[in-house]
Amino acid sequence: MQLGPDPNSKLGFANDASALLVADNVAQKILSTAEDVARLVTDDTRLPMLLPSSQTSKDAACAAQFIGQYGPRLFRRPLTADEQASYAAYHASVTGRATFALGIKWTLVAMMQSPHALYRSELGDGKGAYVAGQTYPLTQYQIASELAYTYGGTTPSADLLAKAGRRELSTADALVIEARRLQQTDRGQEVMREFFREWLSYKTVVDKVKTTTPDFDLVKGPMAEETRRFLDQVVLTKNGGVHDLLLAPYTVVNGSLASFYGIGGAIIDYQVVDRTPNMAVGLLAQASILAGNAQTDRSSPTKRGLLVFEKLLCNERPQVPANVPPLETKAPVNAAKTTRERFEKLHASGEPCHSCHIQFDPIGFGAEHFDEVGRYRGDEKGNAIDATGHDIPTDPGGGDMSPKISFDGLTALAQQLAALPDVSDCVSGFIATYAYGGVFDCPAEDQRRALSDGTIGIKEYMAQLAGTPHFVRRSP
């Protein structure tokens, strides 16, 4: 197969419709991939299994059977009579010049390159005029596709298409029930995992190099796996919400991680363990997050603060001014005893750094008891660590109305964030963006409030998005 990964949107999601454009190079790869697939399907060993009639009656009826069986899988709906006739005529044209199998091969290539196969149509039935300011309903088959990809991570099953054919996807309750069913599948759980991978970018830790810790390479892969299993435990197993995500008092480690963190007890395979007080709690205390947002030889209040600033508070990262020198080239670095002192001297003492960094560095100082590999440290090279923050605005554009947080350490920071409705609203907005494929504003206000007050968890919140008007209607 020749298709590469989909491009990421500004928010880091790979399913944003506005970013999924078919340029010339992508079109060529689609053609090449279609040819590769068709060649495999029609070789001498597979075609008899996929189309038994090709061994006994290589005729138009057999070709029509292939088109009728596999066309709906590719188009995610029944083919129209005109479409069936067109592909049958194309098969006959190729077969007249070559062989039956080659006719099937190029017919399959043609179907795989059709816009009806490549794109998920959301144009409704196309029978009415599109009027500005009005919405139009999606067809049952379009809704089936949206359900399947949003909650199941793949094309709709024959059973789901049959439900669409019987118009059983016509109510909000039916759609939410179907979303929940799809979430329970292996692919459905992977959809949820992919959201967290793209939202938090925690797997980037496996590409990090730490010059201060030779054995970091042995644990950075397990760190990413720890976070995956931690998120599974919070979201998929315990049906937790944003509060649980930030304050869960446990993690999931194997023997190498337990030894690296200094956790006692006989631990071999991954298992759930309680976090010690020094390890802090929740998502922000995950070593993949801490080490992934740090420098090669020291922590980074800027990177850690930006993670909270962007991903939990939904603020936009300021553009870096031109000609800002690297931190290492500035004179006050050598005089500073701790990372916090270094950053306060360099970032908070003057422009152009101060006006930007004052928005997020103070948040990142809350994680200063954790070094560049994500382990707790009581001091920094013998110097006392200050991990406090006092009356820090969470919305730089909110003025005096912006909620403010105060904390001493990472657990207290997590507690402050968990108590803010703005944080839950931010997370729910990211989930809605992911589920809707690029719509950042969240119209699901009832569901959003339920997530914020803890009535429902993250997984259920995402499922209930299937019952919102946006899921079944579009604007021209």
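## A loop serine

S53 sits in the loop joining α2 (47-50) to α3 (60-75); helices here are DSSP runs (H or I, at least four residues), numbered from the N terminus. This is a predicted model, in which local features need pLDDT of at least 70, side-chain atom pairs count only at pLDDT 80 or more, and totals for chains, interfaces and linings use all residues. Residues are numbered from 1 along each chain as its sequence is written, and side-chain values use heavy atoms, with hydrogens and water left out.

S53 counts as buried because its relative accessibility is 13%, where buried means under 20% relative accessible area with a 1.4 Å probe, protein chains only. Setting aside neighbours within four places in sequence, S53 is in contact (heavy atoms within 4.5 Å) with K58, C62 and Q65.

## Two packed helices

Helix α10 (residues 186-200) packs against helix α20 (residues 421-436) at an angle of about 120 degrees, and their axes are 11 Å apart. From α10, the contact involves V191, E194, F195, E198 and W199; from α20, V427, F430, I431 and Y434 take part.

Terms used. Axes are lines fitted to C-alpha atoms, for helices over the stretch in contact, and angles run from 0 to 180 degrees between N-to-C directions. Buried means under 20% relative accessible area, exposed over 50%, partly exposed in between (1.4 Å probe, protein chains only).
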